[in-house]
Structure formats: structure tokens, C-alpha cells
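The exercises below are to be worked with the sequence and the structure at hand. Each task is followed by a solution in steps.

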Amino acid sequence: MKLNHVIESQQFTVPLLMELFERTRQMEKMVARGGTKDYSSKIMATLFYKSSTRTRFSFEAAMFRLGGRVISTEHAADFSSEMRDEILEDTIRIISNDCDVIVLRHTEEGAARRAAAVSSVPVINAGDGSGGQHPTQALLDLYTIYRECKALNGIAVAFVGALDNGRTVRSLTYLLSKFDRVKFYFIAPPEMQIGDDILHYLDNHRVQYELLQQPEGIISAVDVVYRTRIDRDRLAKKDVDLGIYNINAAVLQKMKSNAIIMHPLPRSVEIDPVVDTDPRAVYFRQARNGLFVRMALLTILFDQE
Amino acid sequence: MKLNHVIESQQFTVPLLMELFERTRQMEKMVARGGTKDYSSKIMATLFYKSSTRTRFSFEAAMFRLGGRVISTEHAADFSSEMRDEILEDTIRIISNDCDVIVLRHTEEGAARRAAAVSSVPVINAGDGSGGQHPTQALLDLYTIYRECKALNGIAVAFVGALDNGRTVRSLTYLLSKFDRVKFYFIAPPEMQIGDDILHYLDNHRVQYELLQQPEGIISAVDVVYRTRIDRDRLAKKDVDLGIYNINAAVLQKMKSNAIIMHPLPRSVEIDPVVDTDPRAVYFRQARNGLFVRMALLTILFDQE
Amino acid sequence: MKLNHVIESQQFTVPLLMELFERTRQMEKMVARGGTKDYSSKIMATLFYKSSTRTRFSFEAAMFRLGGRVISTEHAADFSSEMRDEILEDTIRIISNDCDVIVLRHTEEGAARRAAAVSSVPVINAGDGSGGQHPTQALLDLYTIYRECKALNGIAVAFVGALDNGRTVRSLTYLLSKFDRVKFYFIAPPEMQIGDDILHYLDNHRVQYELLQQPEGIISAVDVVYRTRIDRDRLAKKDVDLGIYNINAAVLQKMKSNAIIMHPLPRSVEIDPVVDTDPRAVYFRQARNGLFVRMALLTILFDQE
């Protein structure tokens, strides 16, 4: 069960996920104790063709908590003409000389796979194109459900927001489909509904789902409400009431007492700040889990070398 | 005397300043010996919404000399759409998961205080808005006077330059007012004179001051000449002779033999390079003190956790 | 044979080059073993006024493999108004307080020399202006020839591409001229031929060279083909066939069996990807050597302090 590169969530088997989550739990405990690991000889290169400060910080902090080093670029494409015009494969061949793992964010779908094909060190996909994947986000999302709901089999999840171009939702859907008796509710304005490729995948894997235009009626039945942003500018009819998708005190009243509210953050108006103090609001813990999951993933990559 | 966050210079009491300066002196000696401290498990996040390479380098070098790690962003606002649109409080909640101290430079006055209110780790204000504060600059300025003049009580200081929008002058004025028998001369073109809020503060604390339009006559009486830049574009009358504010060989002749010349740097034409070699020109030592003061401040924050 | 700063390739004597290459070989072996050096108290500042991610990564990885720390800026000039307007000498005076070595890339020729004149720590020139130098590139190029060809005396080198504004070719030419019986072929469109200052230098040092417009006939006689990019936009006549300068399967057939193909990378169309798998294509090994040469150079600077 060797893990060479981390390109897409589909590649994770249930046993590998369980190993990852066991290590994640250990990392969480170690950080709480103020401990560090000794990967001091390891160097991570964060190669971001598109800036994402929070994702980059999370990877870099994970590497530091393991005792390692980081070489970092925040917007490779914007400023370095050599990086912009360069054949991606050549860049990876060269930079893989300088480090032990490459964390790549790119604007083009498939870039991470191309990089992995020529890299002499593991490549981790930190997002490739808006229709691509962001597997470590999906892993931390899955871990959050596992930690908070104590289960993955039998989970009912409502995805609410712009679902058509969300890497987050796509990657998490693939991962959750590996578990038994999960049910998905995809709740979005029609023009932002989840893509046919995902539905096709779910059909093939006999995963139950429903497509809905509004959350009314279903919100009280789910274990997880996963909210993503909606960009109003993308709507054809500008007078659609997006407020029906928002999470606020009224929605909290309808939700199960042990359900959880997730969000990949940053949030805008879609979650009312009054929700923050409700114990079911787990989005800040979810973000925090990113550190532990990324630490655990790095140890798996380093330990098997 | 717990120090949770470093937001503004007013929060420093005289005993805390003396503890800081004692530690600063120790750091200076330790660096001279080539020694380092062992804060290797600590991570600093430098979160700069506005780039300031020198300030960032000084904080990061301070962290490294203490044995720690740094995650760094140079212009959070310009490049990361998620950072730009994000609620500052959410960003801080998330990033404080990844680190042990946040160094924040922001464009909005009050941003550091807002960040501190939600952060799970100490926040250090590295400048918030042009009318805001930059307390570590004030601390290193104060330390420089203390080191060079061997005293803070009874000190006479001439502030010369654009004083209305200078964070540096504002923050240092607050700090110096905590000592006895200090006297300030604010010397600037009328449209760039120090703000009424500062004068009100000085009146309330019974600190002596004079407002002047030119340094003639007073320069021979002061212990410290603190020069800041004047942006000619901000003057209503473009034909004002700014040369009268410059420090040059003639000014050196008039100054006391044990007075000092300070500048927050970078300087432009306002200090003639011939001044650099005069023993009273302390601005490069002043910049160097930034490293030691920041190291000392970090140890205070870390040691009390 | 003290090395204070690394400004231009001319300053390296043959004995110093041999010491550097001996250390480079040791670094290569140490990295292969997964070892690190203990320069943990040393801080490098990478001060790039013009972004060059690959060069910066190579320097930073070299520092990390030695156990050191790095403070880093990717585009000092673009974003930091204080850096942009600041007198370079003042910036260096201040930043040299924060670190043990400065790696400087600047847009102006001569900037590295100016920086070295005021720095309290060693300055390494990582490129100053398009007509300036990039000595560590030249050192890694020279080391690559030494490693691959087992000799430097008697070497015949064809430089092919835009030779007029190439720092790389200029710096390497100076270095190779220190060895006996080398011969250069400068092969380029007339408007991009190597500069008269270089030819004058070669004449003075009695180094043999030929100027050619196309590689036909000579390619089978050389030990090294050093290809650089040609920017078509710079050609007066847009219909010139640049294909004659490209390295492809046909060129490989004509080359000596023990000759090597070098390129400073990134490459564009000028080297066909089919060449990559030929054992004579050393450009990826050449890039890798940059790590080891920079590690070795840093140890020389640090060890003599």
C-alpha cells in the first residue's frame, strides 16, 4: 500500500484512510503536548502558481511541527518569467533536486499528475484548476466528520452552495463514497448543481443521492451540513434569494442536536457569526485538523522511502 | 505583569520596559558570542497585508536567532483573493492554529486589536494603518536612547520631519512620556505638525513640549534629534525650503557632543551621507537594535505561557 | 586566499576553484547519504530585487542542507516601497545586521559590488543586470564540465544561442579562460554574437576562439555544446530560421560520443525532448550540481570567518 504521490482523493483506500487517521490523532496529541518529530533533514518545496496563503501556511506549519525545512514560493506564475514560460515538467525535474517533497498548487487541471510523472520526490496536489482536486482538503474534511460524528458509514451529508466548480465538494464526495450507506443531498441553484461526472461516479458506485434547489425540509435529517460559498456574479438571474441557503439561528433550530456544520473557509455572509458559538459549528476545528492531517500524510510519505 | 499581545506602546509600563531592556542587553551579548536560544518548537507567522521587507526580516531573523521557525507572507492582501475578501477575525482564528505567535502588519488602524481579540496565540502589531502604531519600532527607538544616552529621565528630544502621519513618532512619544522631566520639540512645516490627540495626551500627562517650524536655535539644546522623512508631494506650497530640516555637517557643528541623531530609515536626502561617520549618527545601530529588542520581546511572550 | 564576497567569476583562481570542487564533491556524497552539516546558527538573507524562483530555491535548499536558516524576499523592488526608493547601501547595511550571508539579485549591473562595499557579512551575486554576472551559475557550469569531461584543460566548447546578453555565457567564458588550451566557438545570429569586451579579454589572455553563424561542421569537433535561448522578438529579420541552432536527434548523431550538451534552463524549443534521454544530455545533472556547488561555496565563506 505504497503512497508515491497524493494527486486525487480516489487513490485513498479505506485501510490507508484509517492508517492516516490513526496517525492524525497521534499528531494532534503530540502537538497538544508541545512535542515535535525529527524530520530535520527533510525539505518541503511549496510551489504555488496561484497564491493561497492559508493552504500554504498549513502545509508549512505541518512541516515545521515535524522538524523539517521549507522553501516557498507564493505566486510562481505571476512574477517569475522563467517559471511562467517554463515547461512544468522541467521545473519539477529541477526543483525535485532541491527537496524531499513538492506541494504544488497550479491553475491547470491535471498539472499535479504531470508533475508526479517526472518528479524524483513525492508530489502533493494542493489544488489544480477550479475543476480539479484538492485532496488534502478532502482528507481533513473526512477526518473532521470521523472525529466529530464518530462514524463514516451511514452518514447523511447535505452539500449546500455552489457545487459545480467546487474542488472541495468533488474531492470529499469521492472519499465518502468509499464508505457504506452514505447519502448525499446536493442543494444548489440549478445552474450551480454538482457536475454529471460526479453523479455518474455515484451511480456506478451505487451511492444514494438527491438533487435539491433549497434546503427546506432536509436540513433536520442530515448529520453534516457542508456549506460552500456562492458567487452572486455567476447567477444568470440576479434577483435569486440566496438567503435561503444561509446558516443562521433559524437553521440551527431545525438541525439535529448532534449534527455538524462544516465550511472550507473563508466564509462570507453564508454563515451568520451567531452560529460560531454553537457546538455544532465545527468549521474552525475543521481548519485546525488540516495541520494534523497534513503532518500525518507527510510522515506516511517520508517513512516509506 | 502578563503580556498577552503587543498592540500599542502605551501598554508598556516602566518596570516591563526595564525587564525588556535587560533581556535585550542579554540578547545583544548572546548574538555577539554567536549563541542561540532553544525555542526550536516555536513557530512565528508573519502576516503582512502590506509589504515591509525590512521589518519582516528583522522579526524573522529574531525568531531564527532564538532557534524558532517562521511561516511568512509578504503581501497577503495583494495576491490571495481569499485573504483579501476574508473576515480578518476568521483568518486569525485559522492561522493561530498553525503557529505560536502572529506578527501582523495591516492597512487598517485597529486591525491588530481586532486580531488579538480572537487569536489563540499572542499577536504583535507590526504597524496598522498610517495613523496607527508600530510599537516594536518605538521600543527599539527607546532602547537606543537608553543605550546611547544612558538615561531616559530628563531627556530632551527634537522630532524633525513629517510628524502628522508618522507612526514612529507617535508611538515613541507615548513611551517617552512615561519617564520624568522629558521635553519634546516638534519641528515640522505647519501642515505636517504632530496631531492634536498626541498634544492632548501630553497635556494630560503634564509632559513639556514646544511646536516649532524650524530647528534653528533649538538643535544645540537637545539630547536626541529624531529625523523622519518629508514627502514633498504632500506640501501645499511646493516652494517651501525643506533643506532647513536636513541634517548635515553644519547641523553637526551645532549639536551637543554627546547628543545622538536617530532615523527610522530608509533615509533619503534628509541626512547627508557625510553624517554617517560621525559618532553621534546612531541610526544604523538603532536599526540593529531592532533585532535584539524583538528577540527579547518574543522571549517574554514565550516564557510566560 | 580569503574569499570575502562572490561578485564575479574572474575573482576565482584555479587553486580556489579546485578547493571548491573538492568540497562540492564532498557535499554531493553527503547529500546522497542523507547527511547534513551543522551550520544551524547561520542565517542567509536572499534579497531578490527581481524574482528568480529556481535560483532562489537552489540557494535556500543549499543553506537548509547545511543546517542553516533563511530569510527570503522574492521581489523586493516590486512590492516594498521602502525597498524600491531606498539607497541600496543603506538596505545592505541594515539587512547585514540580520544575517550571516546575503544572496543578492538586482536589476542593475554593479549592484553586487556596491553592496559588498558596505556589507558586514559576505555578499553573493546571484545576478546583477542582464549584462552583469551570475558567478554561481558559471561555477556550477564549470563543475559540470569538470565532472562530466574529467578535464578542463584542452576543452573545446561551442556556445550556441543568444550570446550578446547572456550572463551565463559571459561568466563561464571568464572562468574557462583560466585553463590551458581551451577553445571557444561562439555560434549565433550576427546581431546576437558575443560582446567585444569578452573577445578583447580572450585576446589579452591568448585564448583561441572562432565566431560562427551556424553550428554546421563544428558540432562534431567539440567536447561541450552549451545552448542558450534565443528570443525571436529580438531579431531584426523575423524570417531567420532559428531551427538550425536547435539540438535534436540529427545533431546528436554528429556529436562526439563523449561530448556533453549543457543548458542553463529553462529550455524552450531549442532542445527537443527526445534529447533528454541521451546520456550526453547533462542539463538536468547540471542544474542539480547547483545545489552542491552553492553548499560548498557557503562552507568556504563560513569556515574562514
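**Exercise 1. Find what share of the contacts in chain A between residues at least 6 apart in sequence join residues at least 24 apart.**

Solution. The model is predicted. Take the contacts in chain A whose residues are at least 6 apart in sequence; 71% of these join residues at least 24 apart.

**Exercise 2. Decide how compact chain A is for its 305 residues.**

Solution. Begin with the elements: chain A holds 11 helices and nine strands. Along the principal axes, its C-alpha atoms fill a box of roughly 55 × 45 × 40 Å.

**Exercise 3. Describe burial, surface and charge in chain A.**

Solution. Count as buried a residue with under 20% relative accessible area; such residues are 65% of the 305 in chain A. The accessible surface is about 11300 Å², and carbon and sulfur atoms account for 46% of that. For charge, there are 38 positive and 39 negative side chains, with the centres of the two sets 6 Å apart.

**Exercise 4. Is strand β1 of chain B mostly covered or uncovered, and which strand do five bridges join to β1(B)?**

Solution. β1(B) spans residues 43–48, and six of its six residues are buried, which leaves the strand mostly covered. Sort them by face: Ile43(B), Ala45(B) and Leu47(B) lie on one side, Met44(B), Thr46(B) and Phe48(B) on the other. Then look for the partner: five bridges join β1(B) to β2(B), residues 69–73, and the two run parallel. One bridge pairs Leu47(B) with Thr73(B) of β2(B).

How values were computed:
Residues numbered from 1 in each chain as written. Chains lettered and ligands numbered in written order. Predicted model: local features only at pLDDT ≥ 70, side-chain atom pairs only at ≥ 80, totals over all residues. Heavy atoms only, no water. Helix = DSSP H or I, 4+ residues; strand = E, 2+ residues; numbered from the N terminus. Rg over C-alpha atoms; globule rule 2.2 N^0.38 Å. Buried < 20%, exposed > 50% of the residue type's maximum accessible area, 1.4 Å probe, protein only. Contact = heavy atoms within 4.5 Å. Areas by Shrake-Rupley, 256 points an atom, 1.4 Å probe, with all protein chains shown as cover. Lys, Arg positive; Asp, Glu negative; His and termini not counted. Charge placed at Lys NZ, Arg CZ, Asp CG, Glu CD. Pairing = 2+ DSSP bridges.
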